[in-house]
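Reader: I am new to this one and would like to know what lies behind the words used for it. Could you show me the model and then take my questions?

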Amino acid sequence: MIHSRAFNIFKGWLATSAPIPGEFFEKVSSEPVPHHLKRWWFCLGGTPAYLFIIQVVTGILLTFYYVPDPGHAYESVQHITYDISFGWVIRSIHKWSSQLMIIAVILHVMRIFFTGAYRKPRELNWMFGCGLLFCTLGFGFTGYSLIYEQLSYWGATVAANITQNVPLIGEYLARFMRGGDSVEENTLTRFFIFHIALLPLTITLLLTMHIALIRLIGVTEYQFEEDKGKPKKHFPFFPDHFLMETIIALFIALLLTLLVVFFPAGLGPPADPFLTPQHIKPEWYFYFTFRWLKLTSLQVGVLGTGVAAMVLLFWPFIDRFLVKKFPGRDLSIFLGVIGVITLLVLTIWEALV
């Protein structure tokens, strides 16, 4: 009786403080979802969002102990990993969720590309998606550099030297990135600001606009061969799609747990600006650019990588030109397969040497 009265008081207070009509929840929960989203590989768009939330929570916990100073950064990571209770768990979850987030964003971009979901009127949303991919890679790079171990230090040095060769603005970009003429105290501070403030803010803004456009334009209704000629099918958001997303989230949680337990985040030797390692390697998601740079001159390598990024960003408009020029031939699939094979070959090649 007391509980019922308290509940009614709370319900009345909530209705006054947040007067959201009940129809709103009913409309959201029963919103029709296209039939093709019953296949899990079409639902990868939500996966980076879960992983981003994990990144934010674990990142905040790590920030309590991390010191963004060249003289103390490595020691603070060492302290988190070996001295703080469950520090290794938090750091490992942060590390592996960032790796899975990069994989999920790449797979989602590939799914959108190969199903043609970037075409009119979704060109702008494709560009927001590419912006999210670039920010996610920037997240990985700055986070790796913050550890300030030998490989991450020299990886940042190589990245700054490569940036210096960008035509026209390379010198300014490299100096802005380093905060001086070499990787030093200012570099670490700038990477830290990018990692904990500017990139999260940019990703949040891009994600908001990405979701807003999905809500305004709607999800692409992809039809399989067996469904063509039949009326379009839909299913309710709740409980069907909600359960699908919950299953994916639980699978990610299980996968993260296994990775953390069997492959915890380690720590290499501390950064030494006076000792160049014999083998400098970036993180795996930059292997393809590293191999490409080794196969070409520095200027051609930088220019080629920049052109590839611009082609990806403006692909909907390039595709529209190709469709008009070569009607009836879906060249985007052919070119996309060549692009993916090239990326895989360069990545595996770099990983094996």
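**Spaces inside**

Reader: Which residues line the largest cavity?

Author: The largest cavity is lined by P34, H35, H36, E221, Y222, Q223, F224, D227, P231, K232 and K233. Please keep in mind that this is a predicted model. About 100 Å³ of space lies in this cavity.

Reader: What makes a residue count as part of a lining?

Author: A lining residue has an atom within 4 Å of a grid point of the space. P34 and K233 are among the residues lining the largest cavity, so each has such an atom.

Reader: How do you know which classes that lining divides into?

Author: It has 4 nonpolar, 3 polar and 4 charged residues. Asp, Glu, Lys and Arg count as charged, so E221, D227, K232 and K233 fall in that class.

Reader: How many cavities are there of 30 Å³ or more?

Author: The structure holds 3 of them.

Reader: What makes a group of residues a nonpolar core?

Author: Its members are buried residues of the nonpolar kinds listed for a core, joined through side-chain atoms within 4.5 Å. The largest core has 40 residues, of which L51, W126 and I203 touch the most other members. The elements α3, α5, α6, α9, α10 (237-262) and α13 (315-325) each give two or more residues to this core, and α5 has the largest share with 9. Apart from it lies another core, of 21 residues, including I80, Y148, F191 and I280.

Reader: Which residues does L51 touch?

Author: Leaving out residues up to four places away in sequence, L51 touches S97, L100, M101, A104, I252 and L256. Touching means heavy atoms within 4.5 Å, so L51 has a contact of that kind with each of them.

Reader: How do you know that the buried residues of α4 share a side of the helix?

Author: In α4 (residues 73-82), A73, Y74, S76, V77, I80 and T81 are buried. They cover an arc of only 165 degrees around the axis, which puts them on the same side of α4. The partners they pack against are α3 (47-63), α5 (87-114), α6 (123-146) and α9 (185-217).

Reader: Why are G170, A174, M177 and R178 called buried?

Author: Buried means under 20% relative accessible area, so these four residues of α8 (residues 170-178) fall under that limit. They cover an arc of only 90 degrees around the axis, and therefore lie on the same side of α8. Among what covers them are α6, α7 and α9. Just after α8, G179 takes a positive phi of about 75 degrees.

Definitions and conventions. Residues are numbered from 1 along each chain as its sequence is written. This is a predicted model: local features need pLDDT of at least 70, side-chain atom pairs count only at pLDDT 80 or more; totals for chains, interfaces and linings use all residues. Side-chain values use heavy atoms; hydrogens and water are left out. Buried means under 20% relative accessible area, exposed over 50%, partly exposed in between (1.4 Å probe, protein chains only). The arc is that of the directions from the helix axis to the C-beta atoms. On a 1 Å grid over the protein atoms alone, a cavity is a set of points where a 1.4 Å probe fits but cannot get out, and a pocket is an open set with protein on both sides within 12 Å along at least five of seven lines; lining residues have an atom within 4 Å of a point. Grid points are joined across faces, edges and corners, and a volume is the space filled by probe spheres set on the points.
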